[in-house]
There are 2 protein chains.
Amino acid sequence: MEMFNVKKRIEVLDILKNEFENFEIKSEIIDILDSIGRVIVNDIVSKENVPEFRRSTVDGYAVKSKNTVGCSESLPAFLSIVGESKMGEGIDIVLEDFQAVYVPTGGIVPDNADAMVMIEYTEKFDDEIAINKPAAVLENIVGIGDDVKINEIIIERHTKLKTQHIGALAALGINKIQVYQKPKIGIISTGDEIVPIETDLKIGQIRDINTFSLAAMLNETGCEIVYKDRIKDDFKLIKKSLEKAIDLCDVVLISGGSSVGNHDMTPEIINKIGDPGVLVHGIAIKPGKPTIVGKVENKAVFGLPGHPASCIISYKVIVEEFINNILLKHNNKDKQIVAKSGFQVHVSSGRDVFYMVKLNEIDGEYIAQPIHGKSGMISLLSKADGYIEIPMEKEGIEKDALLKVNLFR
Amino acid sequence: MEMFNVKKRIEVLDILKNEFENFEIKSEIIDILDSIGRVIVNDIVSKENVPEFRRSTVDGYAVKSKNTVGCSESLPAFLSIVGESKMGEGIDIVLEDFQAVYVPTGGIVPDNADAMVMIEYTEKFDDEIAINKPAAVLENIVGIGDDVKINEIIIERHTKLKTQHIGALAALGINKIQVYQKPKIGIISTGDEIVPIETDLKIGQIRDINTFSLAAMLNETGCEIVYKDRIKDDFKLIKKSLEKAIDLCDVVLISGGSSVGNHDMTPEIINKIGDPGVLVHGIAIKPGKPTIVGKVENKAVFGLPGHPASCIISYKVIVEEFINNILLKHNNKDKQIVAKSGFQVHVSSGRDVFYMVKLNEIDGEYIAQPIHGKSGMISLLSKADGYIEIPMEKEGIEKDALLKVNLFR
């Protein structure tokens with residue numbers, strides 16, 4: 001029996017960074033509507049000023065502000081209406097003193113007008129308006145480039161696009177965009193006891209939960225699953241499947257078979273297939289300690305624990321970080337919910353400890369409760385809102401302490 | 001010019017609830033891997049106990065705990081190994097006193113064993129083990145149904161499925177699931193000045209941003225866009241387009257044309273097409289006040305403001321709530337981030353006021369800063385992390401106050 005040479009999580013991520021920093025993910029051009037969750041290759045730069053013309057922010061009249069000085073409800077300023085700025089059209093009227101032009105919200109303001117008077121502060125008499133409130137210089141006018149200047153960076157490269165970016169891209173006239181291809185992933189599920197999920201279980205059998213958990217999380221991370229296999233604990237079969245997966249994929253995940261036990265073949269197989277082979281066997285995280293990290297033929301291979309909850313945590317804190325930050329090079333981290341601890345726990349394991357938690361809202365505050373169960377995997381999976389981390393240098397959590405919760409989606 | 005008869009947001013949602021509570025969205029059966037973000041129709045109930053057999057949580061030996069009483073490193077208990085519980089197989093060994101069976105993690109524990117001793121606390125000599133730590137009754141054993149009992153509800157009906165549910169469904173042997181169909185949505189963008197986004201702008205023109213913003217948000221809400229149109233401010237054309245959309249869709253969104261101005265035809269068109277027509281014209285929200293809510297031929301029609309930021313807020317706080325909570329009947333709300341206010345603002349508008357904000361993390365705390373710009377729509381869209389609400393009964397926000405931020409995704 002080989003013992004673990006356990007490494008800290010931060011060391012593992014450093015090793016991965018060194019090994020894969022120059023790994024090249026190809027890019028592709030896609031429609032912006034398909035781009036949510038994808039990582040952009042280049043800075044998005046505006047090719048124009050926005051707006052390109054001076055625009056009114058109100059329905060009202062374009063005026064020379066000096067013609068409204070001192071006016072009031074009892075002593076309005078009277079201006080003659082000399083035209084209308086139509087939406088979607090330019091306007092070439094040059095205002096003379098005591099003239100006004102009607103401009104709707106978003107419409108172009110004539111060049112030599114310097115203020116917009118809201119329609120609410122006017123009364124209209126045939127082709128004349130009475131203005132009962134003085135207008136300040138540039139009031140209710142958006143200047144050229146006030147929103148975005150030409151050549152300004154609007155979205156930084158390596159940003160993972162979110163819903164609201166789509167509107168910004170549309171505003172800039174961009175309907176296609178260059179993004180990194182989805183990393184190609186293989187999932188190999190190993191174990192004599194693992195059966196397809198639709199199977200009526202015979203005694204001793206366990207459904208292949210991890211393939212589904214992993215596939216769901218990988219989709220959310222923005223990956224494409226191009227290879228799936230489920231095999232018994234057989235050295236030759238696993239080796240053959242892993243070789244095939246490495247051919248097809250950027251990253252291969254093997255679940256099960258990574259605990260120190262009778263059937264622990266994964267590290268040996270990884271080493272046998274190519275160099276450098278196993279980089280890490282054992283990470284100082286709980287759960288997830290028996291996680292394996294390897295590199296073969298310039299592809300990343302992860303051996304994940306078979307227990308579904310451990311598998312999820314190991315994916316989240318090692319594999320997802322690797323895919324997001326190292327392969328795809330982006331750094332816009334998910335925001336975390338702050339919650340009050342509804343429990344107290346003492347840990348001194350020398351590992352980063354993770355708890356799945358459920359959030360309850362009480363008096364406008366979130367209270368985090370751990371979901372227990374030594375092997376209560378279904379309860380864990382169906383009830384958890386997210387997970388918290390107790391870093392190894394901390395000795396536990398006090399009740400009512402503020403926690404940062406990483407949400408599941 | 002028709003004036004608004006402004007209603008509170010809560011009243012508007014009540015009106016929608018009354019009008020559409022019995023609206024029927026059909027259901028369909030889909031693969032669980034395609035089901036993230038979909039709303040399930042029925043409670044998910046376990047058809048079996050999980051686990052169905054007593055399972056070990058460690059690699060080690062199944063024993064009778066009484067045979068380990070008082071043992072220690074200096075005075076181990078000696079037991080003879082009489083077999084092995086193989087993964088994926090049953091085991092019919094009946095232990096006699098001072099006998100042990102090897103069981104790997106997840107393996108079946110023989111019926112009359114009442115504890116598992118971790119391999120770390122044993123030494124093996126041929127077919128005998130020395131145990132140097134007493135085992136407690138039921139130690140390291142998961143009982144039948146400890147995780148999930150037969151007939152237990154695992155996921156409640158009307159839950160919007162998240163990533164982690166997929167693992168729970170797989171564990172229960174469920175690979176297909178009944179969900180509500182995606183609501184069918186039409187988007188009509190109106191305005192003489194609105195042009196396709198790939199257009200080189202001529203003066204006075206504005207790109208059709210809202211169709212893209214809305215499509216992105218609708219996809220995220222779990223809807224399907226089945227109709228899109230972009231038309232000039234022409235009564236007949238808009239009416240024709242809206243009639244077609246109502247035929248095809250559950251919900252129709254019309255952006256632009258809902259402000260009180262020269263071109264305000266949407267309410268009249270809605271009323272002309274059918275009863276009851278316009279239900280609400282004007283909502284006490286800022287931005288988003290000119291939002292229209294209507295019902296025609298038992299379909300919902302929303303007139304959304306043309307300004308992109310207003311359109312987004314109006315979608316989020318009215319339309320999305322309607323689709324999620326009334327059409328799809330689900331109530332698992334997105335969790336909100338708590339952040340400290342980095343600004344102070346006084347409002348007394350008699351409306352629910354929404355600010356788009358950016359979150360900065362400083363010393364482990366999120367600080368929310370508003371994104372300003374009277375018409376700075378691209379900056380707003382590209383920089384906002386989410387939005388906050390100041391309900392109408394509040395007069396503003398103090399600096400350092402705790403805010404709840406609704407995140408964009």
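In the predicted model, B:E123 lies opposite B:A130, a residue of strand 9 of chain B. Strand 9 (residues 128-131) and strand 8 of chain B run antiparallel and are joined by four bridges. Both belong to an open sheet of six strands in chain B, with the order 7-4-6-5-9-8 and mixed pairing. Strand 7 (115-118) and strand 8 (122-125) of chain B each have a single partner strand, so each stands at an edge of the sheet with one side left without a neighbour. From one strand to the next, the twist averages 40°.

B:G60 takes part in both pairings: its bridge partner in strand 6 of chain B is B:V103, and in strand 7 of chain B it stands opposite B:M118.

Chain A is assigned four domains: domain 1 (9-26 + 182-327), domain 2 (31-49 + 153-180), domain 3 (55-142) and domain 4 (337-407). The C-alpha centres of domain 1 and domain 4 of chain A are 26 Å apart. Each of these two domains of chain A contributes 12 residues to the contact between them. On the domain 1 side, strand 19 (285-286) and helix 6 (308-327) of chain A each supply at least two residues. Helix 6 of chain A gives the most, with five residues. By residue class, this side of domain 1 of chain A comprises seven nonpolar, one polar and four charged residues.

Technical notes. Residues are numbered from 1 along each chain as its sequence is written. Chains are lettered from A and ligands numbered from 1 in the order in which they are written. This is a predicted model: local features need pLDDT of at least 70, side-chain atom pairs count only at pLDDT 80 or more; totals for chains, interfaces and linings use all residues. Two strands pair if DSSP finds at least two bridges between them. Axes are lines fitted to C-alpha atoms, for helices over the stretch in contact, and angles run from 0 to 180 degrees between N-to-C directions. Domain bounds come from an automatic or database domain assignment. Two residues are in contact if their C-beta atoms, placed from the backbone, lie within 7 Å. Ala, Val, Leu, Ile, Met, Phe, Trp, Tyr, Cys and Pro count as nonpolar, Asp, Glu, Lys and Arg as charged, and the others, Gly among them, as polar.
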